[in-house]
Amino acid sequence: MNVVIAIPAYNCAAQIGRVLDEITDEVAARVSEIWVIDNQSTDDTLERAAEYRRNGRLGNLRVFRNRQNNSLGGTHKVAFEHARAAGHTHVVILHGDNQAKSDEVALLLDHAQAHPETQTVLGSRFSRASRLHGYDAKRVWGNRVLNAVYSAVALRRLEDLGSGLNLFALRDLDPATYLRFANQLTFNYELILDLVARRVRFAFVPITWREEDQVSNARNWNIFRTALRNLALWRLGRQTTAPATGRDYEWDEVH
């Protein structure tokens with residue numbers, strides 16, 4: 001496994017240092033590189049990440065900035081495309097808001113190493129062994145309902161449609177499909193449906209999820225409605241969303 005950890009970061013200056021602090025030396029030694037990908041933040045996120053790089057604790061840390069604001073889904077595309085070009089085989093997506101625990105990257109890597117036939121491993125906030133701290137009850141309920149509806153329509157148990165900690169094997173992803181998905185927060189939902197449609201083997205691993213001082217850009221009702229619409233279109237065999245046009249998925253490294 002040639003793994004890179006990609007950390008999409010947008011306006012999370014207060015959290016990015018904690019995310020990097022929680023990457024243990026053991027986890028850092030198991031991956032080739034760690035990328036912070038700043039998505040045109042308007043606060044000090046980029047500066048905080050660059051300062052962390054300069055302090056040298058994580059020797060394989062690199063900091064990049066998207067040339068455009070590509071939202072969360074578009075930053076996934078940036079990570080996948082650059083990881084593929086660099087010869088990596090796996091990408092860990094770890095959100096920069098510190099809701100997931102960075103050291104639990106090891107749980108996903110352990111599962112992939114123990115199960116060679118299943119190399120895409122997704123973090124689950126809603127398994128029995130998952131641990132939720134401070135997560136709003138209404139959001140828990142809404143996610144569980146959405147998971148149940150998606151599972152029923154997809155004919156596959158889907159425990160979590162979009163946590164902030166996932167391991168993707170690039171062999172399991174098809175650029176011809178994911179580059180057509182919208183760049184918005186529901187990108188992960190479309191990606192999971194595509195894995196189901198192409199009969200890719202993937203697994204869920206329980207993770208810890210916290211909601212303390214994180215700032216969420218999610219508009220929960222709009223996401224819920226968009227997710228149901230996409231599911232209906234997917235079941236009908238139609239394109240779920242219009243692809244983003246005029247996008248630039250290039251980045252610049254910050255030294």
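Predicted model: local features only at pLDDT ≥ 70, side-chain atom pairs only at ≥ 80, totals over all residues.
Reader: At what angle do the axes of helix H4 and H8 cross?

Author: An axis is a line fitted to C-alpha atoms, for helices over the stretch in contact, and angles run from 0 to 180 degrees between N-to-C directions. Helices (H or I, at least four residues) and strands (E, at least two) are DSSP runs, numbered from the N terminus. Angles under 35 degrees count as roughly parallel, over 145 as roughly antiparallel, 65 to 115 as roughly perpendicular and the rest as oblique. Here the axes of H4 (residues 71–85) and H8 come within 8 Å and cross at roughly 55°. H4 is therefore oblique to H8.

Reader: Which residues make this contact?

Author: Contact means heavy atoms within 4.5 Å. H4 contributes Gly73, His76, Lys77 and Phe80, and H8 contributes Phe187, Asn188 and Leu191. By class, three of the contact residues are nonpolar, three polar and one charged. In this scheme Ala, Val, Leu, Ile, Met, Phe, Trp, Tyr, Cys and Pro count as nonpolar, Asp, Glu, Lys and Arg as charged, and the others, Gly among them, as polar.

Reader: How do the axes of H8 and H9 cross?

Author: The axes of H8 (residues 187–197) and H9 (residues 220–235) come within 10 Å, and their crossing angle is roughly 25°. The two helices are therefore roughly parallel to each other. H8 passes H9 in a right-handed crossing. The residues in contact are Tyr189, Glu190, Leu193, Val196 and Ala197 on H8, with Ile223, Ala227, Asn230, Leu231 and Trp234 on H9. Eight residues of this contact are nonpolar, one is polar and one is charged. As to the term, a crossing is left-handed if the near helix is turned anticlockwise from the far one by less than a right angle, and right-handed if clockwise.

Reader: How many of the residues of H8 are buried?

Author: A residue is buried under 20% relative accessible area, exposed over 50% and partly exposed in between (1.4 Å probe, protein chains only). In H8, 10 of the 11 residues are buried, so the helix is largely enclosed by the rest of the structure. Among them are Phe187, Ile192, Leu195 and Asp194. At 10% relative accessibility, Asp194 counts as buried. Asp194 touches Thr177 and Phe181, not counting residues up to four places away in sequence.

Reader: Which helix does H6 lie roughly parallel to?

Author: The axes of H6 and H9 come within 11 Å and cross at roughly 5°. H6 is therefore roughly parallel to H9. Among the H6 residues that meet H9 are Arg139, Gly142, Val145 and Leu146. The H9 side includes Asn220, Phe224, Leu228 and Arg235. This contact has 11 nonpolar, three polar and two charged residues.

Reader: Which residues of helix H3 are buried?

Author: In H3 (residues 45–55), the buried residues are Thr45, Leu46, Ala49, Ala50 and Tyr52. They cover an arc of only 155° around the axis, which puts them on the same side of H3. The arc is that of the directions from the helix axis to the C-beta atoms. The buried residues of H3 pack against helix H1 (13–21) and the strands S1 (3–9), S2 (33–38), S3 (61–66) and S10 (251–254).

Reader: Is Gly134 buried or exposed?

Author: Gly134 is exposed, with a relative accessible area of 59%. Gly134 is in the loop between strand S6 (131–133) and helix H6 (137–154).

Definitions and conventions
Residues numbered from 1 in each chain as written. Heavy atoms only, no water.
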